[in-house]
Amino acid sequence: MILMLAVASVLATVASARAQDASAEVLFRDGDRLMAEGKLTAACTAFEASNRVEARAGTLIRLGDCREKNGQLASAWSAYADAESRAKDPTKQKVAAAKVRRLEPRLSRLTISVATPVAALVIHRDRIAIDPALWSRALPIDGGAYVIRATADGFAPWQATVAVPDQDGVVTVVVPALRALPRAATLPRSARDRTD
């Protein structure tokens, strides 16, 4: 009985793996078709989904190609670098490494510096929180407009919009010292009611 359960479990795992492989293949083929039709955004989404189902170096190289054709150089560079580290096939590893080296000098970079850090400071680039370890570092980024927002309890929020060139851009944003809010404005409503 135990042996039968173990065999059934292994067969279920193999069937699930095949289903995932088939799903990844369908998504990969959709990506190829959409790319051939010039529908780059949809193609890149299909390659990304295929990679989520089954991460493979070949899929990451195609995702990199798609992102590059779509003008998203930093995203392409990242996909190629991931493919290079995952590739077991020496040919795929060489292809990915060559693409990483070719794109790297063309990348735009964004540095977010903080003039005066305060406790619990949170910085977002659009809706993505930036880890404090990444502050003051020139990070590769796709070209476009980004909203940089800084918030901290007890301080007025700050934000700015920056434009990053599609390639060869070096942009630095300095988050200024945040303005402290008046003490009453920082108290919870119930605490303000007691002080009135």
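Guide: Buried means under 20% relative accessible area, exposed means over 50%, and partly exposed lies in between, with a 1.4 Å probe and protein chains only. This is a predicted model, where local features need pLDDT of at least 70 and side-chain atom pairs count only at pLDDT 80 or more, while totals for chains, interfaces and linings use all residues. Residues are numbered from 1 along each chain as its sequence is written, and side-chain values use heavy atoms, leaving out hydrogens and water.

Visitor: What share of the protein chain counts as buried?

Guide: The protein chain exposes about 11800 Å², of which carbon and sulfur atoms supply 57%; such areas come from the Shrake-Rupley method with a 1.4 Å probe, and for residues only the protein chains shown count as cover. Of its 196 residues, the buried share is 32%.

Visitor: In what order do the elements of the protein chain run?

Guide: Helices (H or I, at least four residues) and strands (E, at least two) are DSSP runs, numbered from the N terminus. The protein chain has seven helices and seven strands. From the N terminus on, the order is α-α-α-α-α-β-β-β-β-β-β-β-α-α.

Visitor: Which residues form a disulfide?

Guide: Two cysteine sulfur atoms within 2.5 Å make a disulfide, and a search of the whole structure finds one. Its sulfur atoms are 2.2 Å apart, and the residues are C44 and C66.

Visitor: How many residues apart in sequence are the parts that C44 and C66 tie together?

Guide: The link of C44 and C66 is left-handed, with -110° about the S-S bond. C44 belongs to helix 2 (residues 40-53) and C66 to helix 3 (residues 57-69), so the separation of the parts they tie together is 22 residues.

Visitor: What kind of aromatic pair do F28 and F47 form?

Guide: Rings of Phe, Tyr and Trp (its six-membered ring) pair if their centres lie within 6.5 Å; planes under 30 degrees apart are stacked, over 60 edge-to-face and the rest tilted. The structure holds one aromatic pair. For F28 and F47, 5.4 Å centre to centre and 65° between the planes make it edge-to-face.

Visitor: Why does F28 count as buried?

Guide: F28 lies in helix 1 (residues 2-36) and F47 in helix 2, so their pair ties together parts 19 residues apart in sequence. F47 counts as buried at 0% relative accessibility. F28 counts as buried because its relative accessibility is 19%.

Visitor: What is the average twist from one strand to the next in the open sheet?

Guide: Three strands make up the open sheet, in the order 4-1-7 with mixed pairing; two strands pair if DSSP finds at least two bridges between them. Its edge strands, strand 4 (139-141) and strand 7 (170-175), each pair on one side only. Axes are lines fitted to C-alpha atoms, for helices over the stretch in contact, with angles from 0 to 180 degrees between N-to-C directions. From one strand to the next, the twist averages 35°.

Visitor: Which residue of strand 7 is the bridge partner of L110?

Guide: Strand 1 (residues 108-114) pairs with strand 7 in the parallel sense over six bridges. In strand 7, the bridge partner of L110 is V171.
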